[in-house]
Amino acid sequence: MFATVAWPRQFGAQIELAHPRDRGCWIKLSSTRFYAYIAKMIDGFGRNIDYLRISVTDRCNFRCTYCMPEQQSFLPHRDLLTYDEILVLVGRFIAHGIRKIRLTGGEPLVRRDIHILIDALGQHVCNGALDELTMTTNGSRLEQFAPLLASAGMKRINVSLDTLDAEACSRISRGGDLDTILAGIHAARAHGLDVKINMVALKQQNEDALLPMAHFCAEHGLDLTLIETMPLGAGVTEREESYISLDDFTAPLRAQYALHPLAHKSAGPARYWRVEPLGLRLGLITPMSHNFCDQCNRIRLTTDGKIYMCLGSELHVDLRKALREDSLTDVDYLLQRALRLKPQRHEFETQLAQPDLRLARHMNATGG
């Protein structure tokens, strides 16, 4: 719902509607006399969308085998949203009801002057406009940036790490140095950040790495989340050969430890378990084997300003064009239009089985 009306100035710049059925607010437009009713982000299936993932760059200093080809091309800088444009869009998202933001990539910490964006977004946390600002990183520059992340109001981050074997880490990430990543993790903890390790399950590549990783995370007070690989990206080969369900991947862990379900929820799709007596909190993200789309609360802003309502769909709206050529009113309209494009669920299972149906878009462009 979107409407513009004249509104008496004495009501102020924002008016929260009192009726519990009214899911929105009045916000002031550029004119001193005109206000717009902004509906909160409820999609066509009744899901409340309050979590935005922003891909700040498609560039990365790794070339993880499940993410992109080794010889990957990237967008020209002129096509990327500027930091000012990202911040304008974030303001609109917050007005529509977004409460949590995660910065992703590519690798977000390789974008030049990223501290400018992080500091500015942190102000929304400080003033209560956002509940949470987080980040997913490969850890390669985390030692340098950990103090900045903490000072910007981040409480927790995710670090992608698929094995504790240095040679396997380099091979899977095609460029990652294990010691550098571990130093970044320890620096983050030293600055008070909670760290969750994201580990992608890869058949016959890191199955033997699960138990060492679980022990490492338990020892250092880290959460561990396991993720099934998804059929995304042209030129990413051996999808079928690499896929393993988390039921099979976690078999060695379940053979030695008891897994008890937890009520804990984060902003993302993981289901959580307590691994005892290890004392580890384990998250499972199972887009292939146990679909979780009925609880989806996420949308994604790509580095070139497109909103994808589902990681597994090409349906999107172009906010960059509206921002550069039209007006903020058009941005607000497109945000509500995007909600109508959000599918009920992804089709990853079909796409894995039928390569011709797979999406050409790589994970680094959309943000995982």
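User: With which residues is Thr-180 in contact, leaving aside its neighbours within four places in sequence?

Analyst: A contact means that heavy atoms lie within 4.5 Å. Beyond its neighbours within four places in sequence, Thr-180 is in contact with Gly-139 and Ser-140. Thr-180 and Ser-140 are 40 residues apart along the chain, yet their C-alpha atoms are separated by 6.0 Å. Please note that this is a predicted model, in which local features need pLDDT of at least 70 and side-chain atom pairs count only at pLDDT 80 or more, whereas totals for chains, interfaces and linings use all residues. Residues are numbered from 1 along each chain as its sequence is written, and side-chain values use heavy atoms, with hydrogens and water left out.

User: What does pLDDT average in the protein chain?

Analyst: The term pLDDT denotes the predictor's confidence in each residue, from 0 to 100. The average for the protein chain is 83, and 79% of the residues score at least 70. Over residues 1-22, however, pLDDT stays under 50, although the model has 45 contacts beyond four places in sequence for them. The stretch of residues 29-35 is also below 50, with 23 contacts beyond near neighbours in sequence. Where pLDDT is low, the predicted coordinates should not be read in detail.

User: How many helices and strands does the protein chain have?

Analyst: There are 13 helices and 16 strands in the protein chain. Of its 368 residues, 55% count as buried.

User: What span should helix α1 have?

Analyst: The expected span of a helix is 1.5 Å times one less than its number of residues. Helix α1 (residues 83-96) has 14 residues and should therefore span 20 Å; its end C-alpha atoms are 20 Å apart, which agrees. Because ten of its 14 residues are buried, α1 is largely enclosed by the rest of the structure. Among the buried residues are Ile-86, Leu-89 and Phe-93. After α1 comes Gly-97, with a positive phi near 120 degrees.

User: Which residues touch the most other members of the largest nonpolar core?

Analyst: In soluble globular proteins, nonpolar side chains tend to be buried together. A nonpolar core is a set of buried Ala, Val, Leu, Ile, Met, Phe, Trp, Tyr and Cys residues joined through side-chain atoms within 4.5 Å. The largest one here has 92 residues, of which Phe-93 and Leu-224 touch the most other members. Not counting residues up to four places away in sequence, Leu-224 touches several residues, including Ile-197, Met-199 and Leu-282.

User: In which sense do β9 and strand β10 pair?

Analyst: Two strands pair if DSSP finds at least two bridges between them. Strands β9 and β10 (residues 223-228) pair in the parallel sense over six bridges, with Met-199 opposite Leu-226. On strand β8 (residues 156-160), five bridges link to β9, again in the parallel sense; Val-159 has Ile-197 as its bridge partner. Strand β9 (residues 194-201) is mostly covered, as seven of its eight residues are buried.

User: How many residues lie between β12 and β13 in their hairpin?

Analyst: Three residues lie between them, and Gly-279 in the turn has a positive phi of about 80 degrees. β12 and β13 (residues 280-285) are antiparallel and share five bridges, and Arg-274 stands opposite Arg-281. The loop between β12 and β13 also contains Pro-277, joined to Glu-276 by a cis peptide bond with omega of about 5 degrees.

User: Which phi value does Gln-204 have?

Analyst: Gln-204 has a positive phi of about 60 degrees although it is not a glycine. Its place is in the loop between β9 and α6, and Gln-204 counts as exposed because its relative accessibility is 70%. Asp-113, likewise a residue other than glycine, has a positive phi near 60 degrees; Asp-113 is partly exposed, at 39% relative accessible area.

Definitions and conventions. Helix = DSSP H or I, 4+ residues; strand = E, 2+ residues; numbered from the N terminus. Buried < 20%, exposed > 50% of the residue type's maximum accessible area, 1.4 Å probe, protein only.
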